[in-house]
Amino acid sequence: MEPATPDKSLVNPRRRFLLGVRGSDLPRMEINPSCLARQGVYCQSCRDACESRAIGFLPRVGAVPVPVVDLAACSACGACVPVCPTQAVTVRPPNLENNRA
């Protein structure tokens, strides 16, 4: 069974407001501590797989860049999940049925 494709139009804050979707009901994307970049190993596989560019990497002087997620830009497509070598990425699409204001 194919996963449901989220409505990418909900990425737009104005559209979310007009549809009555609350900001707290955005997709939930998390990168847990097993992430290679958070362990000091250079890896940006999740960013490279993210078409909506919701995953960026914060440069740090003398250290490996760490991932930063823009939840407002995340479409919850899940493209970042299978490319992570340590399975550190989880994505939960918004539950739109319960999120109408």
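Where is the place of R53? R53 sits in the loop between α2 and β2; the points below start from the whole chain and return to that loop.

1. Basis. This is a predicted model, in which local features need pLDDT of at least 70 and side-chain atom pairs count only at pLDDT 80 or more, while totals for chains, interfaces and linings use all residues. Residues are numbered from 1 along each chain as its sequence is written, and side-chain values use heavy atoms, with hydrogens and water left out.

2. Overall layout. The protein chain has 3 helices and 4 strands, where helices (H or I, at least four residues) and strands (E, at least two) are DSSP runs numbered from the N terminus. Their order from the N terminus is α-β-α-β-β-α-β. Of the 101 residues in the protein chain, 33% are buried; buried means under 20% relative accessible area, exposed over 50%, and partly exposed in between (1.4 Å probe, protein chains only). The chain exposes about 6600 Å², with carbon and sulfur atoms supplying 55% of it; accessible areas come from the Shrake-Rupley method with a 1.4 Å probe, and for residues only the protein chains shown count as cover. Among contacts (heavy atoms within 4.5 Å) between residues at least 6 apart in sequence, 60% join residues at least 24 apart.

3. The hairpin. Strand β2 (residues 55-60) pairs with strand β3 (residues 63-69) in the antiparallel sense over 5 bridges; two strands pair if DSSP finds at least two bridges between them. The two strands form a hairpin with 2 residues between them. In the turn, G62 has a positive phi of about 70 degrees. The bridge partner of F57 in β3 is P67.

4. The core. The largest nonpolar core has 16 residues, of which M29, I31, C46, I55, C80 and V89 touch the most other members. The elements giving two or more residues to this core are β1 and β2. Such a core is a set of buried Ala, Val, Leu, Ile, Met, Phe, Trp, Tyr and Cys residues joined through side-chain atoms within 4.5 Å. Not counting residues up to four places away in sequence, I55 touches M29, C46, R47, C50, V68 and C80.

5. Q44 lies in the loop between β1 (28-31) and α2 (45-49) and counts as buried because its relative accessibility is 8%. Its side chain makes a polar contact with the side chain of R47 (2.7 Å). A polar contact is a pair of N or O atoms within 3.5 Å; within protein, one must be able to donate a hydrogen and the other to accept it, and residues adjacent in sequence count only if both atoms are side-chain atoms. R47 also forms a salt bridge with D48, the closest N and O atoms being 3.0 Å apart. By the rule used (a side-chain nitrogen of Lys or Arg within 4 Å of a carboxyl oxygen of Asp or Glu), the count comes to 1 salt bridge. R47 is partly exposed at 35% relative accessibility, and D48 is exposed at 57%.

6. The α2-β2 loop. R53 has a positive phi near 55 degrees, in a residue other than glycine, and is exposed at 72% relative accessibility. A54, in this loop between α2 and β2, is buried at 3%. Leaving aside neighbours within four places in sequence, A54 is in contact with V68, V69, D70, A73 and C74.
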